[in-house]
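Reader: I am new to this structure. Please show me how to read a few of its features.

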Amino acid sequence: MTDAPVLEAEPAVATTLFGDRIAEARSFTNELARRGEELGLIGPLELPRLWTRHILNSALVAPLLEAGANVGDVGSGAGLPGLVLAIARPDVSMTLIEPMERRVEWLQSEADRIGLDNVTVVRARAEDVADDLVLDQVTARAVSALSKLIPLTVPLVRSGGQLILMKGARVDDEVAAARKVILRKRLEDVEVLELGVGVVEETTRVFRATVD
């Protein structure tokens, strides 16, 4: 019989990234490890890399958020990066946009359990709340390719606001494939950032652009 996966030990750098919010980050990580597979939030093989691949991966985005900003997270799912960013940046107001009821219940229960008063959970698809939200920045992780994600997220952001979209190792290919969409949506200051170099084992790649 194969041994059940064990939660990855907390990397030392976690304390550096979360600072005085490390207790909240630990609490969220432990609960996600305990209930994540049962609720369909993470796969059965994710526990040995939960901190490295998911929690720290999300936390690296926190410094990109503007002080006091209203930030939306599209397709929040397990709370990656939305709840992690809400923990790391209590000065930022996070709106978590998620269409699936079970995931919405998880997001709200975790925000309440941890005591995150900077979180609002909205059960909706991004395209259904574009007329209701005007955000300073929007994040998303593992939602869809840039060519589809950009048209979904741009309507949520005010003029001069930013898209901060977490992507994988092939982000440059996605940018090339989305070139026409980027031009059509009049995005400015388009760049790809690699976060955490020399800090973590698995760096985070982010597509960042300003909405005209």
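Reader: Where is the place of S76?

Author: Keep in mind that this model is predicted. S76 sits in a loop, between β1 (70-74) and α4 (82-88).

Reader: Is S76 buried or exposed?

Author: Buried means under 20% relative accessible area. S76 has 2% relative accessibility, so S76 counts as buried.

Reader: Which residues is S76 in contact with, leaving aside neighbours within four places in sequence?

Author: They are L96, I97, E98 and L107.

Reader: How many residues has helix α5?

Author: Helix α5 covers residues 101-114, which is 14 residues. From first C-alpha to last it reaches 20 Å, close to the 20 Å expected at 1.5 Å a residue.

Reader: Which residues of α5 are buried?

Author: Start with the general idea. An α-helix has 3.6 residues a turn, so residues three or four places apart point the same way. In α5 the buried residues are V104, W106, L107, E110, A111 and I114. Viewed down the axis of α5, they fall within an arc of 160 degrees, so they line one face of the helix.

Reader: What do the buried residues of α5 pack against?

Author: They pack against α2 (22-35), α4, β2 (93-98) and β3 (119-123).

Reader: Which residues form an aromatic pair?

Author: The count comes to one aromatic pair. F28 and W106 form this tilted pair, 6.2 Å centre to centre, with 45 degrees between the planes. F28 lies in helix α2 and W106 in helix α5, so the pair ties together parts 78 residues apart in sequence. F28 counts as buried at 1% relative accessibility, and W106 counts as buried at 2%.

Conventions. Residues numbered from 1 in each chain as written. Predicted model: local features only at pLDDT ≥ 70, side-chain atom pairs only at ≥ 80, totals over all residues. Heavy atoms only, no water. Helix = DSSP H or I, 4+ residues; strand = E, 2+ residues; numbered from the N terminus. Buried < 20%, exposed > 50% of the residue type's maximum accessible area, 1.4 Å probe, protein only. Contact = heavy atoms within 4.5 Å. Expected span 1.5 Å × (residues − 1). Arc of directions from axis to C-beta. Phe/Tyr/Trp six-rings, centres within 6.5 Å; stacked < 30°, edge-to-face > 60°.
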